Amino acid sequence: MDLVDLEKLEKAQQASPAPPPPAEEEKVVEEVVEVQEEDPREHLNVVFIGHVDAGKSTLSGNILYLTGYVDKRTIEKYEREAKQRNRESWFLAFIMDTNEEERAKGKTVEVGRAPFETEAKRYTILDAPGHKNYVPHMISGAAQADVGILVISARRGEFETGFERGGQTREHAMLCKTLGVRFLIVVINKMDDPTVKWQRERFDECVSKLKPFLKTCGYIIKKEVRFIPISGLTGANVLKEVDSKACKWWDACSKEGHPISSEKTLLEMLDKLQIEGRDANAPLRIPLLDRYHDRGCMTMGKVEAGRVRKGDKVIIMPTKTETTVEGIFVNDTVPIVSAKPGENVHIKLGNNVNIDDICKGFVLCKQPPCRAVLSFTAQLALVDLLEHKPIVTAGYECMLHAHTVESEVVVDKIIEQINIKLKPGQPKPRVLPYAKQGAVILCTMTVPQTICLEPFEDLQQLGRFTLRDEGKSIAIGKVVALE
């Protein structure tokens with residue numbers, strides 16, 4: 001290559017455009033999720049209880065539909081599915097009963113959960129199973145509830161079956177009171193049934209039979225119980241009042257300020273309930289219901305006392321593990337800064353905790369933490385003992401259900417019987433080593449592994465429990481002292 005060619009090559013290189021600068025590394029942009037402030041509206045957990053086939057899931061599903069939480073297209077899909085199963089009236093229940101077993105049998109197995117809200121309050125529906133085989137699931141749902149809706153079927157024969165000895169109406173109502181459900185709304189469902197046709201006589205018959213029983217459960221009828229006739233399938237008296245042509249007497253009842261109810265619809269009743277005794281300044285207590293992995297350890301529970309904020313240092317009892325609150329969520333996905341008593345929360349914990357470190361029944365606390373005990377003194381009311389085990393004595397073994405914990409328990413010693421009636425001046429009889437049905441006793445009890453409890457006087461939600469034996473609720477109790 002001669003000198004002329006070299007000069008031409010240099011000129012060509014100078015004229016050619018400069019190579020583009022190296023591309024900057026792509027920056028990873030994290031999605032910014034807006035963390036919301038606490039909603040000022042009160043939150044209530046509403047548990048639907050009652051005998052199997054009373055219409056609990058249908059009523060729950062219809063509330064979600066009427067309040068706009070399920071769209072028309074989804075309802076039409078469920079209608080087609082129910083028709084294929086030759087169960088046309090079950091389509092609303094499919095909103096809550098999501099798994100195949102529940103839809104095939106028409107029986108709720110697990111406690112279904114779904115949020116909805118009105119202008120006045122926010123709610124979470126807890127749709128409890130009615131079948132006696134699933135009472136432990138119902139207990140776990142009712143333990144978190146503030147309000148119970150006892151669903152009664154007005155259909156001829158169905159009310160009687162559910163209310164007779166062995167029916168679940170009685171056991172569910174008793175468990176609701178012992179688990180701390182403060183208000184009970186009794187909905188007389190299926191009033192549109194051809195055997196009823198919105199007859200006042202049938203409504204009054206159901207109410208008159210239920211009132212004496214609910215009194216024995218400990219409910220103060222005028223203050224804590226409301227009765228309302230509804231149709232869960234058509235939605236009459238749920239969001240809107242029943243048509244006066246179908247039911248002429250209900251409008252007059254509510255206008256008169258009837259002792260049964262002064263509100264016309266179910267949602268109006270819920271909005272007017274006042275829940276007292278929630279202490280946001282008490283030490284934090286969140287009994288844990290479940291845990292799962294989602295980019296860290298997530299726990300589920302209801303704030304029973306105190307307030308939890310993002311960044312708080314917390315203690316997991318009974319293991320005494322210390323960790324940090326990395327995030328708080330309501331309705332599964334909505335992040336919030338803090339949560340007050342009554343809120344159902346999902347809490348993301350620090351990286352030093354994984355899901356194997358947490359079990360159902362553990363309690364999330366702040367200082368001072370709750371007590372973890374092996375033995376305690378309790379006051380027991382023996383409600384319904386087994387026929388082949390008609391007495392309770394030292395060594396009696398059964399299952400204990402308290403807040404979210406389930407544990408085996410043994411009666412150690414009967415200290416005294418409390419409800420013995422004595423004449424004036426009559427000396428106290430000696431303490432018998434056994435107690436029969438109907439007795440109220442003070443006794444010491446032991447569990448095989450430490451569980452979290454509080455004295456009933458300090459925190460009712462962690463101080464009350466139910467005893468079950470062979471699939472039957474036999475006693476209710478409260479913790480008097482921890483040892």
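**View 1. Helix H5 is mostly covered in this predicted model.** The helix spans residues 135-142. Of its 8 residues, 6 are buried. They are Val135, Met138, Ile139, Ser140, Gly141 and Ala142.

**View 2. An open sheet is built from 6 strands.** The strand order is S2-S3-S1-S4-S5-S6. Pairing within the sheet is mixed. Strand S2 (112-117) lies at one edge and strand S6 (225-229) at the other. Each of these edge strands pairs on one side only. From one strand to the next, the twist averages 25°.

**View 3. Strands S1 and S3 pair in the parallel sense.** S1 covers residues 42-49, and S3 covers residues 121-127. The pairing runs over 7 bridges. Here His43 stands opposite Arg122 of S3.

**View 4. Helices H2 and H8 lie across strands of the sheet.** Helix H2 (residues 56-66) lies across S1, S2, S3, strand S4 (147-153) and strand S5 (183-189). H2 runs at about 150° to S3. Helix H8 (residues 200-216) lies across S4, S5 and S6. The angle between H8 and S6 is about 160°.

**View 5. A nonpolar patch on the surface is formed by Ile391, Leu432 and Tyr434.** Together the three residues have about 220 Å² of accessible area. Ile391 belongs to strand S17 (residues 391-393). Ile391 counts as partly exposed because its relative accessibility is 34%, between the 20% and 50% cut-offs.

How values were computed: Residues are numbered from 1 along each chain as its sequence is written. This is a predicted model: local features need pLDDT of at least 70, side-chain atom pairs count only at pLDDT 80 or more; totals for chains, interfaces and linings use all residues. Side-chain values use heavy atoms; hydrogens and water are left out. Patches are made of residues with over 30% relative accessible area and no salt bridge: like charges are joined within 9 Å, nonpolar side chains (Val, Leu, Ile, Met, Phe, Trp, Tyr) within 5 Å. Accessible areas come from the Shrake-Rupley method with a 1.4 Å probe; for residues, only the protein chains shown count as cover. A salt bridge is a side-chain nitrogen of Lys or Arg within 4 Å of a carboxyl oxygen of Asp or Glu. Helices (H or I, at least four residues) and strands (E, at least two) are DSSP runs, numbered from the N terminus. Buried means under 20% relative accessible area, exposed over 50%, partly exposed in between (1.4 Å probe, protein chains only). Two strands pair if DSSP finds at least two bridges between them. Axes are lines fitted to C-alpha atoms, for helices over the stretch in contact, and angles run from 0 to 180 degrees between N-to-C directions. Contact means heavy atoms within 4.5 Å.
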